[in-house]
Amino acid sequence: LSMLGSITRACAQQGYDLLVSFQQFSTDWHADYADSKKADGIILLGYGDYLAYRARLEKLVAIGTRFVRWGAVQQDQPGVSVGCDNFSGGQAVARHFIEQGCRRIAFLGDASSHYPEFFERYRGYADALQQAGLDVDEALQVDAESTQLCGHTAMSELIARDVPFDAV
């Protein structure tokens, strides 16, 4: 909500109105958007599986849609993206836990190319552990997406594994 508020304010300062729409997951949303003529461009927040999403972004580029998206910034990706340094973020959090004396640090998030933001955080986390001489224990990583339900489910799975941890 904080990011959405900032986007709304920036649009207003430039003389634009912002239409906020929570779209259903149509299999052809890029065409739905292009045919609707409701907006001059789109700002995309959230996307799920990036590998599946990428083809849709490529179609938006092909039909000349103006868009920017919040997400992982990668080489050779379609369109304009705004994101953050997820590797350094994962590294900083893991280092903080290590400085606090934690040695069995769990990671909740999909550590694969399907979710590049999580994967970069995981890579940073693993790098910090290795730099501290700690092992990366696969039993302490549970795949999860960015929803409250997924986080709850992943944490429940981690606890059910009965593997000791001292930070998440």
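Two rings of Phe, Tyr or Trp count as an aromatic pair if their centres lie within 6.5 Å. On this basis, a search of the whole structure, which is a predicted model, finds four aromatic pairs. In one of them, phenylalanine 107 and tyrosine 125 have ring centres 5.3 Å apart and planes at 40°, so the pair is tilted. Phenylalanine 107 belongs to strand S4 (residues 107-108) and tyrosine 125 to helix H5 (residues 116-131), so this pair ties together parts that are 18 residues apart in sequence. Both phenylalanine 107 and tyrosine 125 are buried.

Tyrosine 125 also pairs with tyrosine 122: their ring centres are 5.4 Å apart and their planes are at 40°, so this pair, too, is tilted. Tyrosine 122 and tyrosine 125 are separated by about one helical turn, because they are three residues apart in helix H5. Tyrosine 122 is buried, as is tyrosine 125. Taken together, Phe107, Tyr122 and Tyr125 form one aromatic cluster.

Arginine 69 is buried yet has no salt bridge. The nearest side chain of opposite charge, that of glutamate 117, is 6.0 Å away, whereas a salt bridge requires the atoms to be within 4 Å.

On the surface, Met3, Ile43 and Leu45 form a nonpolar patch, with about 240 Å² of accessible area together. Of these residues, isoleucine 43 is found in strand S1 (residues 42-45). Isoleucine 43 has a relative accessible area of 37%, so this residue is partly exposed.

Definitions and conventions. Residues are numbered from 1 along each chain as its sequence is written. This is a predicted model: local features need pLDDT of at least 70, side-chain atom pairs count only at pLDDT 80 or more; totals for chains, interfaces and linings use all residues. Side-chain values use heavy atoms; hydrogens and water are left out. Buried means under 20% relative accessible area, exposed over 50%, partly exposed in between (1.4 Å probe, protein chains only). Lys and Arg count as positive and Asp and Glu as negative; His and the chain ends are not counted. Patches are made of residues with over 30% relative accessible area and no salt bridge: like charges are joined within 9 Å, nonpolar side chains (Val, Leu, Ile, Met, Phe, Trp, Tyr) within 5 Å. Accessible areas come from the Shrake-Rupley method with a 1.4 Å probe; for residues, only the protein chains shown count as cover. Helices (H or I, at least four residues) and strands (E, at least two) are DSSP runs, numbered from the N terminus. Rings of Phe, Tyr and Trp (its six-membered ring) pair if their centres lie within 6.5 Å; planes under 30 degrees apart count as stacked, over 60 as edge-to-face and the rest as tilted.
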